[in-house]
Amino acid sequence: MQVNEWVKVLAQGWVFTPRTGHEAIFADGNIYLFAGTDDDERLNDLFQYSIRKNKWSKIEPIGDKP
């Protein structure tokens, strides 16, 4: 592998739908992906990718619904 080269990563864990218009941030060694739209609807979900574990997880809300 050379520097500045894209590499496809075969991650484990939760498989979410392909989407556009989402937001993503990098914090504390993880990538967080929020919302977006797929072919059918607007999405309102949150996923975490652990670089150390090479694994995606869905983060479920905690607490009472409004």
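Analyst: Buried means under 20% relative accessible area, exposed means over 50%, and partly exposed is in between (1.4 Å probe, protein chains only). The model is predicted, so local features need pLDDT of at least 70 and side-chain atom pairs count only at pLDDT 80 or more, while totals for chains, interfaces and linings use all residues. Residues are numbered from 1 along each chain as its sequence is written, and side-chain values use heavy atoms, with hydrogens and water left out.

User: Why is W14 called partly exposed?

Analyst: W14 has 44% relative accessibility. That value falls between the 20% and 50% limits, so W14 counts as partly exposed.

User: What makes F47 buried?

Analyst: The relative accessible area of F47 is 1%. The limit is under 20%, so F47 is buried.

User: How many aromatic pairs does a search of the whole structure find, and why is the pair of W14 and F47 called tilted?

Analyst: The search finds 4 aromatic pairs. W14 and F47 are 6.2 Å apart centre to centre, with 45 degrees between the planes. Rings of Phe, Tyr and Trp (its six-membered ring) pair if their centres lie within 6.5 Å; planes under 30 degrees apart count as stacked, over 60 as edge-to-face and the rest as tilted. The distance is therefore within the cut-off and the angle makes the pair tilted.

User: What does the pair of W14 and F47 tie together?

Analyst: W14 is in the loop between strand 1 (12–13) and strand 2 (23–27), and F47 is in strand 4, so the pair ties together parts 33 residues apart in sequence. Strands (E, at least two residues) are DSSP runs, numbered from the N terminus.

User: Why is the pair of F16 and W56 called edge-to-face?

Analyst: The ring centres of F16 and W56 are 4.9 Å apart and the planes stand at 80 degrees, so the pair is edge-to-face. F16 is in the loop between strand 1 and strand 2 and W56 is in strand 5, 40 residues apart. F16 counts as partly exposed at 23% relative accessibility, while W56 counts as buried at 17%. W14, F16, F47, Y49 and W56 form one aromatic cluster.

User: How many bridges join strand 3 to strand 4?

Analyst: Strand 3 (residues 30–37) and strand 4 run antiparallel and are joined by 7 bridges. Two strands pair if DSSP finds at least two bridges between them, so strands 3 and 4 pair. F34 has L46 as its bridge partner in strand 4. A hairpin is formed by strand 3 and strand 4, with 4 residues between them.

User: Over how many bridges do strand 4 and strand 5 pair?

Analyst: Strand 4 and strand 5 (residues 55–59) pair over 5 bridges in the antiparallel sense. In strand 5, K58 stands opposite F47. These two strands also form a hairpin with 4 residues between them, and N54 in the turn has a positive phi of about 55 degrees.
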